[in-house]
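Have the sequence and the coordinates open as you read.

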Amino acid sequence: MEIYWVLGIPLTGGLFLALWGSRRNAPEINALFSFLTLIAAAVLTARIIDQGPMVVGGEGWFFIDSFNVFLVTLTAFVSLTTALFSRPYMRIEKEHGRLNDKRLRLYHSSYQVFIGMMVLALTTNNMGILWVSMEGATLATVLLVSLYRTPASLEAAWKYFILCGVGIAQALFGTILLYFAAEKVLGSGGTALLWTHLNGVKEQLEPTVLQLAFVFLLVGYGTKVGLAPLHNWLPDAHAEGPTPVSAVLSGLLLNVALYAVMRSKVLVDGALGNDMAGNLMMGFGLLSVVVAAFLIKRQTDVKRMFAYSSIEHMGLITFAFGMGGPVASFAGLLHMTMHSLTKSAIFFAVGHATQKAGTQVMDGIRGLIKTNPTIGWGLMLGTVAILGVPPFGVFASEFLIITTAMHEHPWATPFLLLALGVAFAAIFGKVQPMVFGETELPRLPHMPALAPVFVHLGLVLMLGLFIPPYLAMWYRQAAALLGG
């Protein structure tokens, strides 16, 4: 029953806020629905930990195990903190004349629908419904990216829609090929696309068809992950949409798209019995890390810079999952958690910093440590954390990924170290004057919601120093499900 609450709450919230999302207390209602979703996700997680994986629905339409329930919980938590952050942020945007009541209603409604679509993608057992929910999440985020209705935001939304639409069409063709292979073994009908059924007969699926299907699925869902060279939509969408949207795009949607790739990889690995899928993921992941690192150096817009940082880190996670094995899969899951928490915290701080300065151009943002020390320290600590400085958790996950690469794929290690070094120098060099430079900017009209920033960074710091045994066991179980 818990799964229906996890799915029903955000979708009900989207419908409710579509009708009453322009009320004065709509931000609080949005946060309340997100809080209820987190409670339902926590109850579902407790059940999975206690009873193990479960299939729900008359024909098994939903499947929950350690891998996706971990992502459901992470999605629910970050969606709540983002909703709390957006309360003062969106009110300031309205006071600045960038939004009106009608667009605020669209924002709150689309936000809940977006969360609902991501949860559906994570929990569905049907690979076809997974594709549909990813398309639903795309449509919801198009509305969010274009919220300001400026020429730049409309252009970014159209680029996002077209590129991801083309990508998702490739994923659809890959899903059709998957059904074509499954039909010969499982028979026709919707149950032939149920992942649990496919996983049970994966050794009997036609290897050639599965190999071709994975190429299309990786390209299609990889577009949503932001893997190079399919990444062009991501910096524009981050830069032109509201900052809360940037936080959930980087912290959540990219994870969900990579989840779809990993569910497909498990099937392909079983059918082929070789490392074809892993090698493709390593190639795309390594290319993304290197390309993003060098593009970071050229950025002048702070949100675009951290968008490219997201491409870099998703490439690193994809590379880790491509390597496979218990340590690399564990490290990939840990890095997925660290990146979601840290990058969303950074965007929270960046959002208030850009509101204060009235610009997203980094040269126009100076001296945050003087005008608002909490914003300044939040941005600085978040930057240090995402760059992998110990003792933050990103250091632990990156260390595991790089040492595993040294042992199993030494040829890739120089590229990883070079890219991480370039990204470190570029980001730190650009953020340092934003925080410590001279400025005379005024204070914000509303007290910024910075508690989510330090809650996220506190969790990242804690996980860098100590991973609780039950959480480590959870990661190990999920890594085992991925073939680690």
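Start at Lys159, which is partly exposed at a relative accessible area of 29% (buried means under 20%, exposed over 50%, partly exposed in between, with a 1.4 Å probe and protein chains only). Its partner is Asp236: the two form a salt bridge with the closest N and O atoms 2.5 Å apart. Here a salt bridge means a side-chain nitrogen of Lys or Arg within 4 Å of a carboxyl oxygen of Asp or Glu. Lys159 sits in helix 6 (residues 151-186) and Asp236 in helix 9 (residues 233-240), so this pair ties together parts 77 residues apart in sequence. Helices are DSSP runs of H or I, at least four residues long, numbered from the N terminus.

A word on the ground rules: this is a predicted model, local features need pLDDT of at least 70, side-chain atom pairs count only at pLDDT 80 or more, and totals for chains, interfaces and linings use all residues. Residues are numbered from 1 along each chain as its sequence is written, and side-chain values use heavy atoms, leaving out hydrogens and water.

Back to Asp236, which counts as buried at 14% relative accessibility. Asp236 also forms a salt bridge with Arg304, at 2.4 Å between the closest N and O atoms. Arg304 lies in helix 12 (residues 302-323), so this pair links helix 9 to a part 68 residues away in sequence. Arg304 itself is partly exposed, at 22%.

Elsewhere, Lys94 and Asp101 meet in a salt bridge at 2.5 Å, N to O. Glu28, Arg87 and Arg91 are linked in a network of salt bridges. The count comes to 8 salt bridges.

Conventions: Helix = DSSP H or I, 4+ residues; strand = E, 2+ residues; numbered from the N terminus.
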